[in-house]
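Look over the chain shown here from end to end. Then follow along, from the whole fold down to single side chains.

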Amino acid sequence: MIASASTTPVHAMPPAPVPWSASVLTLFPQMFPGPLGQSLAGRALDAGTWRLDTQDIRAAATDRHRTVDDTPFGGGPGMVMRADIVHAAIAAAYDLPAEAEPPATPARPLLFLSPRGRALTQARVRALAQGPGVVLLCGRYEGIDQRVIDLWRAEEVSVGDYVLSGGEPAALVLLDACVRLLPGVMGAEGSAIEESFSAGLLEYPHFTRPAEWRGRAVPEVLLSGNHARIAAWRRAEAERITREQRPDLWAAHAAATARA
Ligand code: SAM
């Protein structure tokens with residue numbers, strides 16, 4: 001017989017946790033989950049730790065040819081994605097009718113991937129991973145009519161000072177960075193604490209067996225078993241690498257340390 005005395009009554013059971021949820025608005029839904037279907041993110045997706053849905057922006061087109069773009073006012077090369085079509089696609093992602101006004105505070109933030117946006121940082125990624133999820137808008141062509149970006153007060157996010165042909169690879173980058181921080185996704189939970197950017201420094205170098213390879217030995221201190229010396233060496237290496245590779249990060253770190 002199955003004992004039931006110790007089981008929690010249904011009315012007292014906590015609600016099932018809602019998984020972190022990502023909606024991607026794109027003209028190329030087949031690009032997803034792409035690499036996010038593999039490895040850590042893929043296993044977490046299969047396990048229901050996070051949820052991904054894609055919204056084909058073209059499905060919001062109203063004409064026979066499913067047109068989503070038009071020529072830019074003022075002239076110039078390329079095409080611009082139309083505000084009315086993109087608006088309907090965003091509204092659908094929030095389960096609103098096509099003509100709806102944007103909610104004052106949407107449950108999940110709307111992010112527009114754009115080379116003009118603020119650079120994505122580990123701090124922003126951490127904050128997004130702690131929230132309910134994201135709605136990501138991917139541009140193509142010359143970009144998206146500014147009026148719909150303004151109407152929805154979309155946060156513009158860039159993944160670097162270079163121009164991609166579409167927002168999809170940027171969305172994959174952002175999602176990968178967020179998903180690996182979700183509880184239970186990374187094997188060694190501690191590894192997110194020490195890695196690059198977490199303390200304003202780049203990470204120290206790593207080594208594994210063999211201790212000597214092609215005449216190159218592992219730094220002696222790492223074989224010493226002396227945890228205090230190892231920690232000091234790693235800290236000094238993190239500082240040296242940050243100073244040499246990213247003077248901008250080093251200056252910010254030095255200023256923060258001086259203020260503390
Ligand atoms: N005409 C735009 C400009 O010069 O800023 C570039 C448009 S780009 C060819 C098409 C789309 O790719 C953009 O609307 C954006 O969604 C995406 N994209 C390109 N570079 C990006 C970056 N560095 N970060 C995030 N998204 C990017």
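**The chain as a whole**

Of the 260 residues in the protein chain, 36% are buried. Buried means under 20% relative accessible area, exposed means over 50%, and partly exposed lies in between (1.4 Å probe, protein chains only). This is a predicted model, where local features need pLDDT of at least 70 and side-chain atom pairs count only at pLDDT 80 or more, while totals for chains, interfaces and linings use all residues. Residues are numbered from 1 along each chain as its sequence is written, and side-chain values use heavy atoms, with hydrogens and water left out.

Start with the overall build. The protein chain has eight helices and nine strands. Both are DSSP runs, numbered from the N terminus: helices are H or I with at least four residues, strands are E with at least two. The C-alpha trace spans about 70 × 70 × 45 Å along its principal axes. The radius of gyration of the protein chain is 23 Å, whereas a compact globule of 260 residues would have one near 18 Å. That radius is taken over C-alpha atoms, and the globule rule is 2.2 Å times the number of residues to the power 0.38.

Now the surface. The protein chain exposes about 15,900 Å². Carbon and sulfur atoms supply 56% of that area. Accessible areas come from the Shrake-Rupley method with a 1.4 Å probe; for residues, only the protein chains shown count as cover.

How do parts of the chain meet? Take the contacts between residues at least 6 apart in sequence: 72% of them join residues at least 24 apart. Contact means heavy atoms within 4.5 Å.

**Inside strand β1**

Strand β1 covers residues 20–26 and includes A22. L25 also sits in strand β1. Is A22 buried or exposed? A22 is buried, with a relative accessible area of 0%. L25 is buried too, and its value is 0%.

Which residues surround them? Set aside neighbours within four places in sequence. A22 then contacts W50, R51, L52, D53, R108, V134 and L175. L25, on the same terms, contacts Q55, I57, A89, I90, A93, V135, L136, L137 and C138.

Sequence distance and spatial distance can be set side by side. L25 and A170 are 145 residues apart in sequence and 13 Å apart in space, C-alpha to C-alpha. A22 and E194 are 172 residues apart in sequence and 26 Å apart in space, again C-alpha to C-alpha.

**A buried charge without a partner**

R108 lies in the loop between α2 (83–93) and β5. R108 is buried yet has no salt bridge. A salt bridge is a side-chain nitrogen of Lys or Arg within 4 Å of a carboxyl oxygen of Asp or Glu. What is the nearest side chain of opposite charge to R108? It is D53, 4.9 Å away. For charge, Lys and Arg count as positive and Asp and Glu as negative; His and the chain ends are not counted.

R108 does have other partners. Its side chain and that of S21 are joined by a polar contact of 3.1 Å. The R108 side chain also reaches the backbone oxygen of V134 at 3.3 Å. A polar contact is a pair of N or O atoms within 3.5 Å; within protein, one must be able to donate a hydrogen and the other to accept it, and residues adjacent in sequence count only if both atoms are side-chain atoms.

**Charges that do pair**

Side chains of opposite charge can pair when their charged atoms come close. How many salt bridges does the structure hold? There are 11. One of them joins E156 and R116, with the closest N and O atoms 3.0 Å apart. This pair links distant parts of the chain: E156 is in strand β7 (residues 155–158) and R116 is in strand β5 (residues 110–119), 40 residues apart. E156 is buried at 18% relative accessible area, while R116 is exposed at 56%.

Helix α7 (residues 227–245) holds E239 and R235, four residues apart and separated by about one helical turn. Their side chains form a salt bridge, 3.0 Å from N to O. E239 is partly exposed at 22%, and R235 is partly exposed at 40%.

R240 and E237 are also in helix α7, three residues apart, separated by about one helical turn. Their salt bridge is 2.8 Å from N to O. R240 is partly exposed at 28%, but E237 is buried at 15%. A network of salt bridges links E237, R240 and E244.
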